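Let's take a walk through a protein model, starting with a pocket and then moving on to a pair of helices.

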Amino acid sequence: MAIEETDDTVTVLLWHLKYSQAVMGRRADDLYLVCGQAQKGVKGTWSLKNLINHLTVRETSHLKGRARFIRGSLNDLATLRKAARRKFIEYRIGIVQPGLNGENIPAEHLALLGATATSYCLSAGVP
């Protein structure tokens, strides 16, 4: 996940990754899992406040003693929550499937990717 802020927009990028169990990129089961993660992730994209609360809970309950953030902090999230009240919030959800590329992609994979994109667009109100 990444959160980018500009003067008028906050963009939340959610990436879902599923490493392959066998032959990279060729197993439909792996793609079903990562597409399912992306579809479930859509429900969390309607409230930045709820997303920041969720991240805060996860960070404060993390037991390993080291921050889960690569960049930024809980203080930065609190500042972002306040600043976001006056900004447009944009969400982008992506999937990563190692070994899957656009060349020779099986029809079953294309159908699943299309259904996932349609599901996201319908729930997000995208035409």
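**A pocket and a helix pair**

The largest pocket has a volume of about 1,000 Å³. Its lining is made up of 26 residues, and the ones closest to the pocket's centre are M1, A2, I3, L55 and F69. Keep in mind that you're looking at a predicted model.

So where does the lining come from? The largest share belongs to α2, with five residues. What kinds of residues line the largest pocket? There are 11 nonpolar ones, along with eight charged and seven polar.

Now stay with α2 and look at how it sits against α3. These two helices pack with their axes 10 Å apart, at an angle of about 165 degrees. Because an angle over 145 degrees counts as roughly antiparallel, α2 is roughly antiparallel to α3. If you're curious about the handedness, the crossing of α2 and α3 is left-handed.

Which residues actually touch? On the α2 side, the contact is made by K49, I52, N53, L55, T56, E59 and T60, while α3 brings L74, L77, L80 and R81. Sorted by type, the residues of this contact between α2 and α3 are five nonpolar, three polar and three charged.

How values were computed
Residues numbered from 1 in each chain as written. Predicted model: local features only at pLDDT ≥ 70, side-chain atom pairs only at ≥ 80, totals over all residues. Heavy atoms only, no water. 1 Å grid on protein atoms, 1.4 Å probe; cavity = no way out; pocket = protein on both sides within 12 Å on 5 of 7 lines; lining within 4 Å. Points joined across faces, edges and corners; volume = space filled by probe spheres on them. Helix = DSSP H or I, 4+ residues; strand = E, 2+ residues; numbered from the N terminus. Nonpolar A, V, L, I, M, F, W, Y, C, P; charged D, E, K, R; others polar. Axes fitted to C-alpha atoms, helices over the stretch in contact; angles between N-to-C directions. Parallel < 35°, antiparallel > 145°, perpendicular 65-115°, else oblique. Left-handed = near helix turned anticlockwise from the far one by under 90°. Contact = heavy atoms within 4.5 Å.
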